[in-house]
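Biologist: I'd like to learn how to read a few features off a model. Can you walk me through them?

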Amino acid sequence: MRYEAPESLDAAVALLNEESGTARVLAGGTDLIVQMRAQMVEPDLVVDIKKIDELRSISQVDGGWHVGAAVTGAEMNEHAAFKAAWPGVCEGTDLIGSTQIQSRATIGGNLCNASPAADSVPAMIAAGVVLTIAGPGGSRELPVEELNVSPGKTTLEKGEIVVSFAFPARGAVASDAYLRLTPRTEMDIAVVGVGVSLELDGDGTCTSARVGLGAVAVKALLVEEAAKALIGTKVDEAAVGAMAAATSAAAKPIDDKRGTKEYRIKIAGVLAKRAAGIALERARQN
Amino acid sequence: MAKYHITAEINGDEVEYLCEPEQTLLDVLRDELNFTGTKEGCGSGDCGACTVMMNGRHVCSCLVMGVEANGAKIETVEGLADGEQLHPLQEKFIEHAALQCGICTPGILVASKALLERNPDPTETEVRYWLAGNLCRCTGYDKIIRAVLDAASEMRGN
Ligand SMILES: Cc1cc2nc3c(=O)[nH]c(=O)nc-3n(C[C@H](O)[C@H](O)[C@H](O)COP(=O)(O)OP(=O)(O)OC[C@H]3O[C@@H](n4cnc5c(N)ncnc54)[C@H](O)[C@@H]3O)c2cc1C
Ligand code: FES
Ligand code: FES
């Protein structure tokens, strides 16, 4: 196995593209190194992307935000202005592992590991994040919910690296929230996770909303029907009830030791309702 | 297998070592450099026994590649005491009998120091959450939490 730590994105893409064997990007390593040690992956080349400056920054762009793919959970949660703008996304990243894991785990790694239960992903989907992806043929953009296919499988092509997460600008009365259910409060994998982001106009009517749902299908989902139930309403009880029902209807979970299918479907709706309540409260306080 | 030539700062001293890409920082510290204070519990990021500081942040050294430490600043439990003078956290762990077998202790000391550098006056809940990634199979945690809170108080000059 070879290890490289290039300082430019072009060099990283070239290294990945030219490797004839198995190549892997290394960000925080909290998934990859575990998998390597368990011999689930045996790369010939590991390309460490943490020395590439543009992958490490959080910046405000045209009223929205750009967050580099190699930004860690700890760095994101220490960024006060970003946290005020996207508290739900920060809640998702903050739930990843212990404080030690937080020091290393990146948002790019959480997404590209393609676990359906990854905690930052439903919140990123709700936020309407658009990814910038660099590859041998140049760069492209992709809505975050379209990156993953199934557990461990992404649509990234050979040589491609997720560079940044773009968060859209939004109105003054807007916020988001993420909630997950786990048997323990720390160090556990989500049984269900729901992110809700919404925006209201001057008289409290919901003008836009998005709902992301994790751990209940082969990948995290964007639940358009749930968002539709909120848009145009005052986010009253009836609207939130319809949104919760739509979220449950979208859940396609499996039975496993952490929860039965029926339980997960029910909890998806319950969490959606609570997350919408928190997002609404936050938006009104903005 | 080609080895990598790595230069890192460990507990304030410049250290050079040769390392295979398959070795973790934990392997390097324990097996190559004889910093055996850092312990291996699980090897998968779950127990925190291998916690060290890397560039100002506490990390699980079992989930860091040895080659990644090139140019990095590493601090292990061996760097806590100042010569013969134990760190206040170490003194309080002894005073409160916050250890039994001691396997978890180096990692908990390093993680607690990282907490107190950021937050000199944590609440009990904050200490418990901060140390959620440090497992102890012996003490039942209560004495550990008391020791950290007491050390924090002493370090604030009370
Ligand atoms: C003890 C422990 C507890 C955990 N708890 C949680 C939890 O509660 N919730 C949760 O969601 N996860 C959890 N995880 C999983 C893991 O920490 C997260 O998924 C983390 O965000 C992964 O990020 P990383 O930077 O460490 O990724 P890495 O391990 O570096 O990479 C993960 C995968 O993504 C690829 N990759 C990384 N960055 C890019 C990029 N920019 N472009 C293309 N491909 C890329 C890598 O090649 C690799 O396949 C836990 C892990 C451990 C060890
Ligand atoms: S040995 Fe590293 S976390 Fe357990
Ligand atoms: S004292 Fe034995 S594991 Fe903590």
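Modeller: Setting aside neighbours within four places in sequence, Ala279(A) is in contact with Ser175(A), Asp176(A), Ala177(A), Val196(A) and Leu198(A). This is a predicted model, where local features need pLDDT of at least 70 and side-chain atom pairs count only at pLDDT 80 or more, while totals for chains, interfaces and linings use all residues. Residues are numbered from 1 along each chain as its sequence is written, chains are lettered from A in the order in which they are written, and side-chain values use heavy atoms, with hydrogens and water left out.

Biologist: Is Ala279(A) buried or exposed?

Modeller: Buried means under 20% relative accessible area, exposed over 50%, partly exposed in between (1.4 Å probe, protein chains only). Ala279(A) comes out buried, at 0%. The C-alpha atom of Ala279(A) lies 5.1 Å from that of Ala177(A), although the two are 102 residues apart along the chain.

Biologist: How many disulfides turn up over all chains?

Modeller: A disulfide is a covalent bond between the sulfur atoms of two cysteines. The cut-off here is a pair of cysteine sulfur atoms within 2.5 Å, and the search of the whole structure finds zero. Take Cys60(B): its closest cysteine sulfur, in Cys50(B), is 4.5 Å away, so that is too far for a bond. Cys60(B) is buried, with a relative accessible area of 4%, whereas Cys42(B) is partly exposed at 33%.

Notes:
Contact means heavy atoms within 4.5 Å.
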